[in-house]
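This briefing goes through one protein chain, topic by topic. Please keep the sequence and the 3D view open while reading.

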Amino acid sequence: MSKTYRSQLVGCFGDPVDENPTGVMEEAAFAAAGVDFRYLTMRVEAGKLGDAFAGIRAMNFRGINLTIPHKVEGLKYMDSLSRAAQIIGAVNMVVIEDGKTFGENTDGRGYLMSLEQAGIDIRGKNLTVLGAGGAARAICVESALAGAAKVTVINRSEERGEELAALIREKTDAEAVYLPWTAGMAVPADTDILANATSIGLFPNVDQKPEIDYDSVTKDMVVTDVIFNDPNSLFLQESAKRGAKTIDGLGMLINQGALNFKLWTGVDPSYEVMRAVLMKEFGLDG
Ligand code: NDP
């Protein structure tokens with residue numbers, strides 16, 4: 001093939017997006033894999049997503065990530081959708097092939113990969129999730145589709161919590177219930193996997209943790225967090241003190257980035273390179 005001076009283009013649309021480290025992680029992985037791709041972090045305000053999609057189609061982008069506030073709005077601009085993105089009702093990554101947009105949601109699969117990497121099989125397990133926002137929806141839907149027996153949604157807003165439990169009952173084979181969140185409530189005793197899918201504890205609020213009764217966490221539970229900065233969240237620290245096995249949110253972030261990388265480039269990225277870059281960005285290396 002003749003030499004090309006044109007890189008394949010991908011990136012991210014969001015607002016706010018300036019502090020999103022995904023581009024640094026993906027570009028380091030592109031370099032390590034020797035693929036000629038560039039990742040641009042772009043501020044696209046609410047209401048401008050249609051213009052932004054027209055732009056990247058015209059410029060022959062290979063794909064794009066969508067983050068706040070575009071994950072749900074993005075559905076409008078998709079020619080086709082994965083089953084998960086359809087059920088979750090949100091798109092976090094897009095592949096553009098021959099001018100056609102394919103919308104996918106890799107957050108939930110990134111979460112399941114983190115479980116697998118820790119040797120945890122979701123099939124037949126009871127999952128209890130704190131939160132009912134975008135991350136919680138992705139985790140609950142993918143876990144239920146992958147064979148979780150039961151999903152218990154605990155959320156502050158009853159409407160969002162009930163809606164997510166109903167979605168799981170309607171669209172998957174898993175049992176699903178909603179429990180209102182009362183401060184200091186006990187984790188249901190039948191929980192195998194407890195997931196924090198709220199934004200509580202995210203930098204700079206690293207001194208905060210979800211208000212549950214940590215003495216109801218047992219050594220037989222696996223406890224996971226979506227919080228990636230700092231990955232050693234208070235939620236995980238308190239759970240580890242009770243003997244639970246813990247899995248941090250950095251793995252999920254890297255896994256969804258790795259899934260996106262593979263969908264765009266067709267090759268597998270280096271997980272180690274991606275992790276090292278993020279640790280450095282968060283000032284956690286060494
Ligand atoms: P959303 O805004 O969609 O949802 C936030 C959720 O947190 C809601 O359920 C909300 O409850 C709950 N919540 C927030 N503050 C409180 C509080 N003080 N008390 C009780 N509940 C609270 O956000 P996302 O779901 O998109 O993101 C959640 C977190 O997950 C973020 O920190 C994000 O960075 C992280 N994330 C991590 C990923 C990873 O790969 N590691 C991937 C995606 C997200 P309510 O409904 O009552 O408002």
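Helices (H or I, at least four residues) and strands (E, at least two) are DSSP runs, numbered from the N terminus. By that naming, N60 sits in the loop between α2 (49–58) and β3. The model is predicted: local features need pLDDT of at least 70, side-chain atom pairs count only at pLDDT 80 or more, and totals for chains, interfaces and linings use all residues. Residues are numbered from 1 along each chain as its sequence is written, and side-chain values use heavy atoms, with hydrogens and water left out.

**Domains and their interface**

- The chain is split into domain 1 (8–105 + 254–281) and domain 2 (108–248); such bounds come from an automatic or database domain assignment.
- The C-alpha centres of domain 1 and domain 2 are 25 Å apart.
- Contact means heavy atoms within 4.5 Å; by this rule 11 residues of domain 1 touch 14 residues of domain 2.
- The size of an interface is often given as the accessible area lost when the parts come together.
- Buried area is the accessible area (1.4 Å probe) that two parts lose on being put together, summed over both.
- Between domain 1 and domain 2 this area is about 1,200 Å², with 58% of it on carbon and sulfur atoms.
- I87, I88 and N255 supply 49% of the area that domain 1 buries against domain 2, more than any other three residues.
- A polar contact is a pair of N or O atoms within 3.5 Å; within protein, one must be able to donate a hydrogen and the other to accept it, and residues adjacent in sequence count only if both atoms are side-chain atoms.
- On the side of domain 1 that touches domain 2, the elements giving two or more residues are α3 (83–88), α8 (249–265) and α9 (271–281).
- Helix α3 gives the largest share of that side, 4 residues.

**Salt bridges**

- Side chains of opposite charge can pair when their charged atoms come close.
- A salt bridge is a side-chain nitrogen of Lys or Arg within 4 Å of a carboxyl oxygen of Asp or Glu.
- The structure holds 18 salt bridges, and 2 salt bridges are found across the interface of domain 1 and domain 2.
- The side chains of E104 and R109 form a salt bridge, 3.1 Å from N to O.
- R123 and D121 pair through their side chains at 2.8 Å, N to O.
- Buried means under 20% relative accessible area, exposed over 50%, and partly exposed in between (1.4 Å probe, protein chains only).
- R123 is exposed because its relative accessibility is 57%, while D121 is partly exposed at 34%.
- E238 forms a salt bridge with K241, where the closest N and O atoms are 3.2 Å apart.
- Both E238 and K241 lie in helix α7 (residues 234–241), 3 residues apart, about one turn of the helix.
- E238 also forms a salt bridge with R242, with the closest N and O atoms 2.6 Å apart.
- E238 is buried at 15% relative accessible area, K241 is exposed at 63%, and R242 is partly exposed at 25%.

**Backbone details**

- The peptide bond from D15 to P16 is cis, with omega near 5°, and P16 is in the loop between β1 (8–14) and α1 (22–33).
- The peptide bond from I68 to P69 is also cis, with P69 in the loop between β3 (63–66) and β4 (80–81).
- N60 has phi near 60°, a positive value in a residue other than glycine, and N60 is exposed at 54% relative accessibility.
- D98 has phi near 50°, again positive in a residue other than glycine, and D98 is exposed at 78%.

**Two residues and their surroundings**

- N155 is in strand β8 (residues 150–155) and is buried, with a relative accessible area of 9%.
- The side chain of N155 reaches the backbone oxygen of S157 at 3.0 Å.
- G99 lies in the loop between β5 (93–97) and β6 (100–104) and is partly exposed at 41%.
- Leaving aside neighbours within four places in sequence, G99 is in contact with R57 and D79.
- The C-alpha atoms of G99 and R57 are 6.2 Å apart, although 42 residues separate them along the chain.
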